[in-house]
Amino acid sequence: MAEHHWGSSLESNRVAGSRLELLLFQLQGQQLYGINIFKVQEVIPYQPLSHLAGAHPLVKGIATLRGITMPVMDLSLAIGGPPLKAPEEGYIIITEYNRSVHGFLIRRVERIMNTQWGQVQPPPRATGRNAFVTAITLLDDRIVEILDVEKVLDQVVHASTQVSADLSDGFRAEDCKVLVVDDSTVARNQIRAALEQLGVQCTLVTDGKHAIDLIERMQAEGVDVAREFIMMVSDIEMPEVDGYQLTTRVREDARLKDLYILLHSSISGVFNVDMVRRTGADKFVQKYHPDDLAEAVRERMQQLGQWPS
């Protein structure tokens, strides 16, 4: 069989799912920030907030909008900047991340930007480990910083990584390895924390491109990747090579036909279910609940005959 160099296939960048729409906005200065439009429910002018005693400093209050009560955070302060001046003159972005709704105070909305994940790059390493930017792209030579909203939210709402006892008790998988692909440091650590309770060994990579590089390197060393990992858990939104593109490239390589792929994203809905089928992924799980990941691992081990049905 001829060796398949899928890292060099530029056509793979055109698979469905590579399109990206960003809501662009500004905080205190002229810097442009972006978040995926799929995670935005609505943008509204500032609304009066009810202040709660003892609330986290980033939470400026709560609001009830369209029947949903949500915390509203100062996004400028949350990413290490100064508090937003005159927030009553700005806007609130209402978003849904990880199965909950949150509001973010911003200064102004710029526009919606249409681009491709292939045009999005990881931030320079020199920005440091604590940066709240997960990727960057360009708009008319202006840098757009795409925010790691999961990291922002983790400052206020720490998602539990504890797997339920009825799933973890007696469930040991010391010989099982999982490849975790996610550009969010918080998300990678959450997945690892959940799966390590089951004894699963996690190999972490930061995006689809690095996953491709790792897989190709392992294959060059003679490793059967589909046997090395019981599954690959991949985010969908990632710079350069997103989860859909990564899945498509894996499925183009006959040596990887048995590699089980679980797509794991805070983007929910019918669109993802359809894209899982079209790209050849095996399962979709919405972020983030440790029991869902544990159950997916157990189901996979049962398929492999490594755990009793």
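Glu 237 is buried, with a relative accessible area of 9%, where buried means under 20% relative accessible area, exposed means over 50%, and partly exposed covers the range in between, for a 1.4 Å probe and protein chains only. The model is predicted, so that local features need pLDDT of at least 70 and side-chain atom pairs count only at pLDDT 80 or more, while totals for chains, interfaces and linings use all residues. Residues are numbered from 1 along each chain as its sequence is written, and side-chain values use heavy atoms, with hydrogens and water left out.

Glu 237 forms a salt bridge with Lys 39, their closest N and O atoms being 2.4 Å apart; a salt bridge is a side-chain nitrogen of Lys or Arg within 4 Å of a carboxyl oxygen of Asp or Glu. Because Glu 237 lies in the loop between β13 (231-234) and α7 (243-252), and Lys 39 in the loop between β2 (32-36) and β3, the pair ties together parts that are 198 residues apart in sequence. Helices (H or I, at least four residues) and strands (E, at least two) are DSSP runs, numbered from the N terminus. Lys 39 is buried as well, with a relative accessible area of 8%.

Lys 209 and Asp 213 both lie in helix α5 (residues 208-220), where they are 4 residues apart, about one turn of the helix. Lys 209 counts as partly exposed at 34% relative accessibility, and Asp 213 is likewise partly exposed, with a relative accessible area of 30%.

Elsewhere, salt bridges that share partners join Glu 150, Asp 182, Asp 235 and Lys 287 into one network.

A nonpolar patch on the surface is formed by Val 43, Tyr 91 and Val 109, which together have about 200 Å² of accessible area. Patches are made of residues with over 30% relative accessible area and no salt bridge, like charges being joined within 9 Å and nonpolar side chains (Val, Leu, Ile, Met, Phe, Trp, Tyr) within 5 Å, and accessible areas come from the Shrake-Rupley method with a 1.4 Å probe, only the protein chains shown counting as cover for residues.
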